[in-house]
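We will go from stop to stop.

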Amino acid sequence: MRMRKRYGNMMQFTLAHLSDVHLAPLPPVSPWQLMSKRITGYINWQRHRRGTMGTQTLDTLLKALAEKAPDHIAVTGDLTNLALPAEFDQTRTWLSALGEAEEVSVIPGNHDAYVRDALESGLKQWAPWLTDDNGNATLSNTDFPYVRVREGVQIIGCSSAVATPPFIAAGHFGEAQGAQLAHHLKAGRENGLFRVVLIHHPPVRGATIARKRLYGIGRFQTVIEEQGAELVLHGHTHLPQRHFIEGPDKHVPVYGVPAASEATGRKRPPGAFNLFKIERATHNTFKCSHEEWSVSSTDDILLTDENQLY
């Protein structure tokens, strides 16, 4: 990991955000694996996503990301397409190439929980990137959220990934996870940490259609309204979405990002990553700026959005 930049008494920490990798190519699928919801996803892959999501875009994006040398990378779900065992093998290899487990934090998306019991087996493959600072691996949905602290930045990984019926891509944020999130956010505030919450589905109403929404939006927002946070990151919609949730003392930015492997010239925006540059101002206040870098060609990226969050 590179040395942190320090300016006087202020630290600068750069957090990168990727999502919806949908790693290609799709490995061979047996007939018995298709005797489930996977059949609809397989057809969708063959008809649509195989032509719009590929390794070339992702390779260009990751090369550019490496040149930015972020201090940490957050990946907010949907690394797989059908949650096949072979896909989890592929994504483990991909994560190993992305960065050391201490420098990359991952949460699952709905595609990673495509059918019942798939997620639990997949989390075992991703365990190094889902292990908290006490050495506890996150091996099931009941283990979320997990917490990591890096240079004054608290990263809280939540899960909204649940198996759903065909043509439904909804997520769920339950009471137990909400209570734990509130506990960790309170502790982070007391310790003067910059608190970042990761969740796959956008935790705001109207961000996506009903069959793809998050159930438990009100619960999630109540936690943020009561405890606050500095940043919420999500994926799922494949769009560069920008929202806010009202916190106890300020608006909390909620940022989405296009799918990392989306090719240029398609219906949705091309693959992109977010960069957040964080500096401490006082014990409990920070400066944070945002940049979005998007793939503009087979071998180049372009700055497509930048702003000062606070």
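Start with the charged pairs: the structure holds eight salt bridges. A salt bridge here is a side-chain nitrogen of Lys or Arg within 4 Å of a carboxyl oxygen of Asp or Glu. Side chains of opposite charge can pair when their charged atoms come close.

Before you select anything, note that this is a predicted model: local features need pLDDT of at least 70, side-chain atom pairs count only at pLDDT 80 or more, and totals for chains, interfaces and linings use all residues. Residues are numbered from 1 along each chain as its sequence is written, and side-chain values use heavy atoms, with hydrogens and water left out.

**Stop 1: salt bridges**

Select Glu-230 and Lys-250. Their side chains form a salt bridge, 2.9 Å from N to O. Glu-230 sits in the loop between α6 (217-227) and β10 (231-233), and Lys-250 in the loop between β11 (242-246) and β12 (251-255), so the pair ties together parts 20 residues apart in sequence. Helices (H or I, at least four residues) and strands (E, at least two) are DSSP runs, numbered from the N terminus.

Is Glu-230 buried or exposed? Glu-230 is buried, with a relative accessible area of 3%. Lys-250 is partly exposed, at 25%. Buried means under 20% relative accessible area, exposed over 50%, and partly exposed in between (1.4 Å probe, protein chains only).

Next, select Arg-242 and Glu-292. Their closest N and O atoms are 3.2 Å apart in a salt bridge. Arg-242 is in strand β11 and Glu-292 in strand β14 (residues 285-297), 50 residues apart.

Now select Glu-102, Asp-133 and Arg-150. A network of salt bridges links these residues.

**Stop 2: helix α3**

Select residues 85-98. Helix α3 has 14 residues and reaches 20 Å from its first C-alpha to its last, close to the 20 Å expected at 1.5 Å a residue. The expected span is 1.5 Å times one less than the number of residues.

Colour Glu-87, Phe-88, Thr-91, Trp-94, Leu-95 and Leu-98: they are buried. Look down the axis of α3: its buried residues fall within an arc of 120 degrees (taken from the directions from the helix axis to the C-beta atoms), so they line one face of the helix. On the face turned away, find the exposed residues Thr-93 and Ala-97.

**Stop 3: helix α2**

Select residues 55-68. Which residues of α2 are buried? Among them are Thr-57, Leu-58 and Leu-61.
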